[in-house]
Amino acid sequence: ATEDSIIRHKSSCLVIGRSGTGKTTSMLLRMKALEIGAQKLDHSIRQVFVTHSRKLAEEVERCFKQLSRTSGKLEEVRVEATEYQAENTIRGLSDHQLDAQHDSSLPSCFSQLKEQHFPLFLSFDQLCTLLEGDVGLEFQASERDQYQAHRDILAAGSRDWRGPEITFERFVSEIWPKIGRGLDPSLLFNEFIGVIKGLEVGSALDPLAGGTVSLDRASYESVYGRGRSMLLDRTHVYSLFKLYEKRRSPLSYDRADRTRELLNRLTEKKSLLEQHGFDFLYVDEVQDNLLIDIALLKMLCRNPHGLFLAGDTAQTISAGSAFRFDDIKACLFRMERADEKVKTGKRKPVDPQIVELSTNYRSHFGILKAAGFIVTLLSQFFPYSVDQFSPEISKVVGPRPLFFLGRQEDDGLSILAGNKRGVIMTLGAEQVVIVRNEEAYNRATTRYPNIGMIMTLYESKGLEFNDVILYNFFADSIATAADWEAIRRALADPSTGTYHRSFDCHRYATLQNELKALYVGMTRSRQHVWIWDSSDDGLDLAELMQSRGLATIWNSDDELPQVGGEEAAFIPYH
């Protein structure tokens, strides 16, 4: 499939493809083509781009505005989109800055969106906030003391107030120690939010008929937990889920609660959706969503031919997400047949066309081979965790990822980003340091306040840079050296094709998320990937990749390369 076939497709579609295969660019071109067509007919259309990352939404909006300078010919739009993608830079604003900058131009509720607001580029959180204004809800993510909480409730007036949000970080610090010691907190959280609460199915098997309830114990143990769960004892997991619901604050909420409450209230406001719904809805990084999020988004699109969803399950690193494309296809299938107009014969059901993209326009072959090996490990050891796509291809060659392991903190990023005399330089807009999470971000920005752009792994999703430094990926991980060693021992011997030992996917279940995180980090880069780590925990993986010609482990006798320096020139891959 090509971008042209996607742009010209006359109905809904689900675009799947690995990182850098042009999914977001295809969305932009399709949006622009429809805008051009509507302008020629003197029509207005309500087009909305939604993704979970605020940074990505802001960046895509900036790109779209740049495309709008064209004369209106689609071929000129295509050329400018390609040029923009090649020159794409990130301004490095924080999520809070982006919120303040963007929210100031938004109305207080969904029904107040006017023609001048479109096309609209939103994070999923911003979209939910708009909807809450029309259905009498207010969700406050941050923690409040009792006095402030009381004031917030009074200020909300007729709205039902909830807070704080049970994020993964809050779950780990406040709830998991009380209920789930001995189990991987990320896997447990994924089961609670992504499966038990996040599936769109419920007692009625129909989200439009009020069926958005959590799975009951029997359904989870007998059907929906089977195959998808990395936790063996589903009976125990469900008991822990009941404890999770009991132990948390009565007014608190998680992301599944918020979406479910919006779904339930919107079913009573069909006129709102008919009058103010979207004509075309584009959902990027769709794998970050719960299935009930998809149900909510589809409800907002009043045009059955107007859905455009794009994603890649190898990039499912959002806490609480247990996403698979088979699930989303089944969800959309059920929702279509539950539509009142379909049931009464007023229209036929519309199922999205599945389109797969395999040509990578971002990363060169050296990065793609390494990233492809990570996906192969996922497919081999965790087959239910990733969809099988055609191998990515690239027409560009380049250097392998470079591992720096066991590095002391006193010779950290300042040297890699410095010149030959050791004078610290600032990274440019085309370079980024990617860390695991907010805690690691705070440590890195404190230690290297002037080094340049530092982002969390989740913030970097959908973005691209020339040079990427993955900083303390292994040191800040809950996976141990023994976990990574298990992969090396389980793999077939390259010379004999035999296996050393079997791999227990349940015992080493945490590696599923670790491999996906590594894949996302690697594929942010166009040219160079450096994995700089204070620990040796990743040595088995690094040696495994080096033995296959997929990566290089830096030798202390070698000259240290510079990010953005002469040594970082684009070189052939051997």
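**Close-up 1. Pairing of strand 10 with strand 11 in the predicted model.** Strand 10, which spans residues 431-435, runs parallel to strand 11 and is joined to it by three bridges. Within this pairing, Ile434 is placed opposite Met455 of strand 11. Both strands belong to an open sheet of six strands, paired in parallel and ordered 11-10-12-13-9-14. Because strand 11 (454-456) and strand 14 (552-553) each have a single partner strand, they stand at the edges, and one side of each is left without a neighbour in the sheet.

**Close-up 2. The open sheet with the strand order 3-2-6-7-1-8.** Six strands make up this sheet, and their pairing is parallel. Its edges are formed by strand 3 (120-123) and strand 8 (353-357), each of which pairs on one side only, and the twist from one strand to the next averages 15°.

**Close-up 3. Strands 2 and 3 with the helices that pack on them.** Four bridges pair strand 2 (residues 47-51) with strand 3 in the parallel sense, and Val48 has Leu120 of strand 3 as its bridge partner. Helix 3 (residues 54-67) packs on the sheet and touches strand 2 and strand 3, its direction making about 165° with that of strand 3. Helix 6 (residues 124-135) likewise touches strand 2 and strand 3 as it packs on the sheet, but its direction makes about 100° with that of strand 3.

**Close-up 4. The contact of helix 21 with helix 23.** The axes of helix 21 (residues 481-490) and helix 23 (residues 539-547) come within 7 Å and cross at roughly 30°, which means that helix 21 is roughly parallel to helix 23. Helix 21 contributes Ala481, Trp484, Glu485, Ile487 and Arg488 to the contact, while helix 23 contributes Asp540, Leu541 and Leu544. Of the residues in this contact, five are nonpolar and three charged, with no polar ones.

Key: Residues are numbered from 1 along each chain as its sequence is written. This is a predicted model: local features need pLDDT of at least 70, side-chain atom pairs count only at pLDDT 80 or more; totals for chains, interfaces and linings use all residues. Side-chain values use heavy atoms; hydrogens and water are left out. Two strands pair if DSSP finds at least two bridges between them. Helices (H or I, at least four residues) and strands (E, at least two) are DSSP runs, numbered from the N terminus. Axes are lines fitted to C-alpha atoms, for helices over the stretch in contact, and angles run from 0 to 180 degrees between N-to-C directions. Angles under 35 degrees count as roughly parallel, over 145 as roughly antiparallel, 65 to 115 as roughly perpendicular and the rest as oblique. Contact means heavy atoms within 4.5 Å. Ala, Val, Leu, Ile, Met, Phe, Trp, Tyr, Cys and Pro count as nonpolar, Asp, Glu, Lys and Arg as charged, and the others, Gly among them, as polar.
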